[in-house]
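Me: Please take a close look at the cavities of this model, and tell me what lines them.

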Amino acid sequence: MRTTGAEQTRLDDLAAGWKKWGPYLSERAWGTVREDYSAGGTAWDYFPHDHARSRVYRWNEDGLAGLCDDQQRLCFALAFWNGADPILKERIFGLNGQEGNHGEDAKEYWFGVDSTPTHSWMKWRYFYPQTEFPYDLLLQENRARGRLDAEYELLDTGIFDDDRYWDITAEYAKVDTAEFCIRLSIHNPGPSVAELHVLPTMWFRNTWAWDARRSPPAIVVEDGALVADHHAVGRIALRSEHPPAELLFCDNETNHVRLFGADPAQSAPFPKDGINDYIVAGTPTVNPARTGTKAAMHFRLQVQAGATAVINLRFGADDGVVAGSEFDQVMRARKREADEFYAALTPAGTSVEQASIMRQALGGMLWSKQFYHYDVARWLDGDPGQPPPPAQRLNGRNHQWRHVNNHEVISMPDTWEYPWYAAWDLAFHCVALAHVDTQFAKDQLLLMCREWYMHPNGQLPAYEWAFGDVNPPVHAWAAIEVFVIDGASDFSFLERVLHKLLINFTWWVNVKDVDGNNVFEGGFLGLDNIGPIDRSAQLPVSGKIEQSDGTAWMAMYCLDLLHITLILAENDNSYEDLATKFFEHFVLISTAINDQGLWDEVDGFYYDVLQITGAPDLPLRARSFVGLLPMCAATILSDETLKRLPEFAARLEWFLKNRAPIAECVVHDGVLGGNDDGTGKQPHSRLLAMVSPDRLIRLLKRALDEAEFLSPHGVRALSAAYHDQPFAVEIAGISFEVDYEPGESTSALFGGNSNWRGPIWFPANFLLISAIRRYAEFLGDEVTVEHPTGSGVQHTLAEIGKDLSDRLISLFLDDADGRRPIYRDAEKFQTDPAWHGLMTFFEYFHGDNGKGLGASHQTGWTGLVSNLIIRGQVDGYPKGTPM
């Protein structure tokens, strides 16, 4: 979507490099697969939080409110010390996958409040306790809790009682493409004066330890400024308006003495944690020569109760002015331009509260862009001059993905909990990000299809923990969404993405349809623990699971590729042949799911079916989103399109006539919306749908039942009917069951930090609402459905789609009592004005009360709330799109 104004001008001027610098620093690099060189792939243990301050990262850096260039050569971030903690606060603290009772979990409160797409303006907030941070208490209490218990959070410790904390705001305004004005506002909301040490820090990512050809660059002092000189970045200075108490230097090198008991004479004299040890313990671990590869300005602030201290900095060219009218003018101008940019994006009639939610969602997503570096072959083999990794790794994690060599800025699901890309998450990110930066959204979708990502066999990489896992094929859907948001004119983008997705589609057909019967497998397919058995694990019997969701995803994939080819055929009729192929494949897949036992006529629902060698098929009759997903494989084919594409139209008519028994089940004739086109003539159209209108109504009866799927805040992933009566099935003498768990997972499947057995998930709801609106466009207002089921009240499909959209948005809105469902029982967020307006966009939400759960900064796909607000509807194929 295009806006106007200064920010849009910067976006349009790609060659100027306005996105060269940005918030591309991760919030966690420790505990990642990239940094794991263990024999058994124990990433959390190999590089724990305790090592992070002292040990050099091989692939990526991390920090608080961090900046870096798009190759992460030079980094800037903030560090703090309250005078009581055992370590500097240089990074967000959290528990690893074994320490948390529901998997890994960040235990702090920070917010990427605002950002423009070029990062010309950014704002970040952080709440830091004034008393000692309870590292050990958080660890011990969460370890003592079981999976049936709630997580123990930082607020639960009482450390924010009496407002004894620091409310820290960092604002960034670009002077030009590589220079920032930075304002730090340090507010003391507590009852008494307090002291805070503030350390703006700059450092080079260590590349020289892994490459003997490189020499360490240096940061030195010039005229009271920290000046970094790098052959590729140039000279970058960090200046302050008022001189700090001192300038401190060390080197971004591992402290081998602390971590491994090495001989001090053989170790770096001023290692990575040198500044930490100097500030906290007073040890002589900073370089008196005032040079190094890591340096910080040290400010000691005494702030009265209720007062705010301000530090003004300038990061960039080594002659920039920090104080005075120019600095203030830049800050005001960039803030005003950001306001203008988002005002143009906000639909008329949007409430102030909804506009704030939309802006924070998009701002959080823009803060979640991260430089991601991972060369799998070099990671497996080890670096020259370094000890070789254990030989077991050569046949371990990701060994079949040696071609992967990632070195780009990528949108992350959550830059602390999931600081690595996930293919299907990224597709949803792009659909939201396209509203503010369509070029970035398009580039991200294309990136996943490039040769250094996509496997030579056509599979897209899932995520670094297991690139070979299978994610749902949603890239074609996302490409259409982004194409439409961009104005439906970049045919070159569609053509590029289509050519690569043809390879991926072929991989799906060849690998995930084992019997060639057009019914697909796929494994967990992003839905983690949704079924009674782990669909990605070895089955307890000889056989396979034929999946309703896997088959529905492929039908949807066919329709999306059909849509792309029909758009391209407008300008190149050779694509009509491909359109015919995807239409016919869609019909075959849709017929298969309806004819081969996945549809249960009695229950009116789709189920997975376990096919056991030498035994009858066993339907796994657990009602979940698996059985609702077939509704999403639907689109409308208009007569106008057929008139423009005669070859495709002729083949379509032949197929409908000569393959009528299979075609008539999924191709439905009708009058678009039941309305005329304004000329007195009724526009004819065809609905291509895996689910017929009759079965749609039966499925919606389940989906809109408050005793099953419908919650006050969206559609649950699993029916609530299994709360009191779990679904159980016996296979080979082993009992498997699934029960309704509306909150955190009670099992260890997929790390235990994700739960599809009842909560509300934005991507699933987004797709479902899109489908309902497409059916509404075709069937019009004459078709009504009882909503909620059992209420006796009939609603049109359009009204139902709008209501479901509103339910999702309501997660973030104040209710009648002024409380946000996402924060549920977190009283500080509910009642303190300084906290209440700040949003965290959780990974998923409690199926009954809407409480935010899982990763607390999963702005990625939960950022789709911005689409709901911007459009006022969720229609994957808006009217007027060539289809």
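Reply: The count comes to 8 cavities of 30 Å³ or more, where a cavity is a set of points, on a 1 Å grid over the protein atoms alone, at which a 1.4 Å probe fits but cannot get out; points are joined across faces, edges and corners, and a volume is the space filled by probe spheres set on them. The model is a predicted one, in which local features need pLDDT of at least 70 and side-chain atom pairs count only at pLDDT 80 or more, while totals for chains, interfaces and linings use all residues. Residues are numbered from 1 along each chain as its sequence is written, and side-chain values use heavy atoms, with hydrogens and water left out.

The largest cavity holds about 160 Å³ of space, and 16 residues line it, with Phe111, Gly112, Gly364, His857 and Thr859 the closest to its centre; a lining residue has an atom within 4 Å of a point. The elements that give two or more residues to this lining are β6 (109-115) and α8 (352-367), and β6 gives the most, with 4 residues. Helices (H or I, at least four residues) and strands (E, at least two) are DSSP runs, numbered from the N terminus. By class, the lining of the largest cavity divides into 7 nonpolar, 8 polar and 1 charged, where Ala, Val, Leu, Ile, Met, Phe, Trp, Tyr, Cys and Pro count as nonpolar, Asp, Glu, Lys and Arg as charged, and the others, Gly among them, as polar.

The second largest cavity, with a volume of about 130 Å³, is lined by 13 residues, of which Asp62, Glu90, Arg91, Trp203 and Lys294 lie nearest its centre. Two or more residues of this lining come from each of β3 (74-81) and β10 (194-204), and the largest share, 3 residues, is that of β3. The lining of the second largest cavity has 4 nonpolar, 3 polar and 6 charged residues.

Key:
On a 1 Å grid over the protein atoms alone, a cavity is a set of points where a 1.4 Å probe fits but cannot get out, and a pocket is an open set with protein on both sides within 12 Å along at least five of seven lines; lining residues have an atom within 4 Å of a point.
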